[in-house]
Amino acid sequence: RAFDAIDADRGGSLSASELRDALQRLAVTGDRGEAASEADADAMLLAADADADGEIDFGEFVDIVRSGGGDGGGSGWWARFLRILRGAAADDSGEQSELVRLETEADVEALIGRFTPAFLAALDALFDQLAMSEPSRSEKVKEGTAVTAKSETAGGERVISEGAALSWLELVNRELGRGGTYRGVMSALEASEAASGARVLSRRAW
């Protein structure tokens with residue numbers, strides 16, 4: 001959800017600094033092409049913070065989204081921000097790409113096709129980074145054990161050790177056992193162990 005993406009500290013509410021960071025990441029600019037200032041982010045927060053507790057909770061976020069940004073609330077920053085979130089051009093023209101209108105299966109396939117190359121490139125880069133991670137002491141190969149934490153298989157294929165994979169999951173999820181990504185990783189590690197005796201992730205499994 002958009003709310004979760006903006007909530008950088010996962011605190012369950014949005015601060016002015018998180019709003020400003022989101023505006024910068026999405027390249028949302030003002031009428032003269034200027035970046036949002038701290039005062040602009042403060043104005044956005046004030047426009048959406050119905051209970052005046054200094055932060056925007058999920059219900060308040062939903063309300064401001066449904067209102068389209070309110071009556072010019074936040075000096076128009078909310079309206080521009082929401083247009084970008086909904087797929088409008090960053091130049092504030094309000095024109096939408098057809099790819100964001102997911103009305104048919106073809107629309108979904110077109111959207112997947114547009115982002116798949118960049119997504120796979122990002123996955124490859126992260127795989128290479130994790131595969132180069134130093135295994136923990138408990139993972140290192142011990143005489144008489146079948147499980148290995150080497151960063152390559154016998155065939156020379158680069159792999160991610162179980163420890164590196166779990167460390168990444170903990171960093172991303174803040175706690176193990178949360179979400180389908182963790183279950184998918186554990187399932188892949190178990191399949192690897194059954195096939196080769198090593199709990200590792202190949203690039204394909206990743």
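Helices (H or I, at least four residues) and strands (E, at least two) are DSSP runs, numbered from the N terminus. With that convention, R199 sits in the loop between α8 and β4. Residues are numbered from 1 along each chain as its sequence is written. This is a predicted model, in which local features need pLDDT of at least 70, side-chain atom pairs count only at pLDDT 80 or more, and totals for chains, interfaces and linings use all residues.

The chain has eight helices and four strands. Read from the N terminus, the order of elements is α-β-α-α-β-α-α-α-β-α-α-β. Of its 206 residues, 31% count as buried, where buried means under 20% relative accessible area, exposed over 50%, and partly exposed in between (1.4 Å probe, protein chains only). Taking contacts (heavy atoms within 4.5 Å) between residues at least 6 apart in sequence, 50% join residues at least 24 apart.

Confidence is given as pLDDT, the predictor's confidence in each residue, from 0 to 100. The chain averages 76, and 75% of the residues score at least 70. Strand β2 (residues 56-57) has the highest mean, at 92, and helix α1 (residues 2-6) the lowest, at 80. Two stretches need separate mention. Over residues 89-99 pLDDT stays under 50, and the model has 21 contacts beyond four places in sequence for them. Over residues 136-149 pLDDT also stays under 50, again with 21 contacts beyond four places in sequence.

An α-helix has 3.6 residues a turn, so residues three or four places apart point the same way.

How do α7 and α8 lie relative to each other, and at what angle do their axes cross? The axes come within 11 Å and cross at roughly 175 degrees, with axes taken as lines fitted to C-alpha atoms, for helices over the stretch in contact, and angles running from 0 to 180 degrees between N-to-C directions. The two helices are therefore roughly antiparallel; angles under 35 degrees count as roughly parallel, over 145 as roughly antiparallel, 65 to 115 as roughly perpendicular and the rest as oblique. On the α7 side, E162, A165, L166, W168 and L169 meet T181, Y182, V185, M186 and L189 of α8.

Helices α3 (residues 38-48) and α5 (residues 77-85) have axes that come within 9 Å and cross at roughly 90 degrees. This makes α3 roughly perpendicular to α5. D40, M44, L45, A47 and A48 of α3 make the contact with W77, W78 and F81 of α5.

Some loop residues remain. R10, in the loop between α1 and β1 (13-14), is not a glycine but has a positive phi of about 55 degrees. R199 is buried, at 14% relative accessibility, and its C-alpha is separated by 4.9 Å from that of L189, 10 residues apart along the chain.

Definitions and conventions
Heavy atoms only, no water.
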